[in-house]
Amino acid sequence: MNRNPFLLKGYHSPELFCDREQETRQLLRNVLNGVDTTLISPRKYGKTGLIYHFFHHVQTQNLPFEPLYIDIFPSRSLNDFIKILAEAILQRFPEKSSIGSRFLEILKGFRPVITYDPISGTPQVQINYQLSSEKEHTLQGLLKFLNDQEKSVVLAIDEFQQITEYPEDNTEALLRSTIQQLHNIRFIFCGSKHTIMADIFQDAKRPFFSSTKFISLDKIDFERYSQFIIYHFEKNQIEVEPEAIQHILKWTKRHTFYTQSLCNTIFSLNPEIVNYDIVNQACNEILENNSATYLQYRELLTNSQWDFLIAVAKEGAVQKLTSAKFLSTYQISGTTTARRNAQSLTDKELLLAIPDKKYTTYQVYDLFLSRWLEREY
Ligand SMILES: Nc1ncnc2c1ncn2[C@@H]1O[C@H](COP(=O)(O)OP(=O)(O)OP(=O)(O)O)[C@@H](O)[C@H]1O
Ligand SMILES: [Mg+2]
């Protein structure tokens with residue numbers, strides 16, 4: 001059986017990864033020039049994939065960097081942050097290596113309890129702090145350890161916006177002041193909540209203000225994505241009709257995750273040829289599979305919010321939320337209702353707000369939900 005080349009999670013290899021050449025080059029340039037990066041995009045555009053792709057490049061090209069990735073999404077406090085960092089370092093530098101054994105020595109100074117998962121071997125670190133100064137000292141100790149390595153460490157912190165949720169009120173200042181003293185670590189701060197990330201890095205009153213270069217990940221280029229999709233089907237002896245590709249990328253609006261999902265589903269149908277009909281069949285299957293979840297959303301929203309969501313889905317993208325035409329087409333009672341619904345649906349991450357110089361454009365965040373609402377109502 002052929003392996004499905006359209007990944008739905010994780011990173012495999014450059015062959016299964018489409019484009020992002022320019023962004024990979026930019027990351028490299030930043031790292032080589034001692035510049036820290038803030039990497040942002042809406043959800044599931046491929047930020048984490050890009051980090052892994054870049055790290056793969058660093059390793060295969062033998063570049064003089066030591067890549068280290070942490071995902072702080074599950075962290076709820078600075079304690080968790082430290083735990084995740086310590087575990088990642090332990091995992092990255094095995095105890096048997098000289099770096100690993102040195103790290104273990106340093107870590108032991110913080111009196112941790114270290115256990116290893118018996119099946120996966122993944123390390124678990126538990127540190128109890130008496131005072132908050134001990135916690136700060138531990139964080140500084142871990143980062144200083146990384147800083148003291150011969151090879152520069154590139155530390156990617158995924159879902160960085162999470163630090164704003166920590167109960168400790170000085171996390172940003174503490175991190176920033178610690179980082180400022182380290183000259184041998186390059187940071188990549190990654191996140192999908194645009195407003196929170198912008199607040200952290202672009203607000204002159206906050207510690208991280210102007211400390212990084214932004215990479216704002218966009219959709220993958222139409223031509224590049226078409227070629228990628230055709231290549232992988234044809235490699236598996238599946239013919240592709242050009243109109244089918246148009247249909248795929250139009251239906252998914254070139255959004256990475258949804259494009260990957262649709263192609264994955266098409267591939268799983270085992271077609272001899274990818275044509276318009278098979279694409280439609282896959283689209284319908286996806287919407288059917290998700291419809292129970294989408295119906296549950298309705299229970300969580302007011303009628304007015306639900307109707308508003310449908311209106312945005314039917315429009316595809318709404319640039320002028322309060323325009324008379326939009327309000328009258330969808331019988332929305334007024335501009336205040338429109339604004340209030342847009343705000344609460346954006347807070348719930350059911351709508352995505354994309355601001356530009358003039359307008360904020362709204363669309364349904366989950367593209368499949370958008371397509372489902374369009375079809376059902
Ligand atoms: N350039 C690419 N080519 C092919 N597949 C990709 C590419 N980038 C990402 N993907 C795939 O798209 C999906 C979403 O990517 P990823 O998880 O990297 O997005 P993300 O922006 O980190 O999302 P989130 O904001 O939810 O963390 C994954 O299945 C990943 O394998
Ligand atoms: Mg991610």
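Axes here are lines fitted to C-alpha atoms, for helices over the stretch in contact, and angles run from 0 to 180 degrees between N-to-C directions. The model is a predicted one, so local features need pLDDT of at least 70 and side-chain atom pairs count only at pLDDT 80 or more, while totals for chains, interfaces and linings use all residues. Residues are numbered from 1 along each chain as its sequence is written, and chains are lettered from A and ligands numbered from 1 in the order in which they are written. Helices (H or I, at least four residues) and strands (E, at least two) are DSSP runs, numbered from the N terminus.

On to the helix pair. Helix 12 (residues 303-315) packs against helix 15 (residues 367-376) at about 95°, and their axes are 8 Å apart. The two helices are therefore roughly perpendicular to each other, a label that covers 65 to 115 degrees (under 35 is roughly parallel, over 145 roughly antiparallel, the rest oblique). Helix 12 brings Leu309, Ile310, Ala313 and Lys314 to the contact, and helix 15 brings Ser370, Leu373 and Glu374; contact means C-beta atoms, placed from the backbone, within 7 Å. By class, that makes four nonpolar, one polar and two charged residues. Ala, Val, Leu, Ile, Met, Phe, Trp, Tyr, Cys and Pro count as nonpolar, Asp, Glu, Lys and Arg as charged, and the others, Gly among them, as polar.

Next, the cores. A nonpolar core is a set of buried Ala, Val, Leu, Ile, Met, Phe, Trp, Tyr and Cys residues joined through C-beta atoms within 7 Å; buried means 20 or more other C-beta atoms within 10 Å, exposed 12 or fewer, and partly exposed in between, with C-beta atoms placed from the backbone. The largest core has 42 residues, and Leu142, Leu155, Ile157, Ile188 and Cys190 touch the most other members. Helix 3 (residues 78-92) supplies its largest share, seven residues. Leaving aside residues up to four places away in sequence, Leu142 touches Ile82, Leu85, Ala86 and Ile89.

Arginine 20, with phi near 65°, sits in the segment before helix 1 (21-32) and is buried, with 21 other C-beta atoms within 10 Å. Glutamine 237, at about 55°, lies in the loop between helix 8 (222-235) and strand 8 (239-240) and counts as exposed, with 8 C-beta neighbours inside 10 Å.

Key: Two residues are in contact if their C-beta atoms, placed from the backbone, lie within 7 Å.
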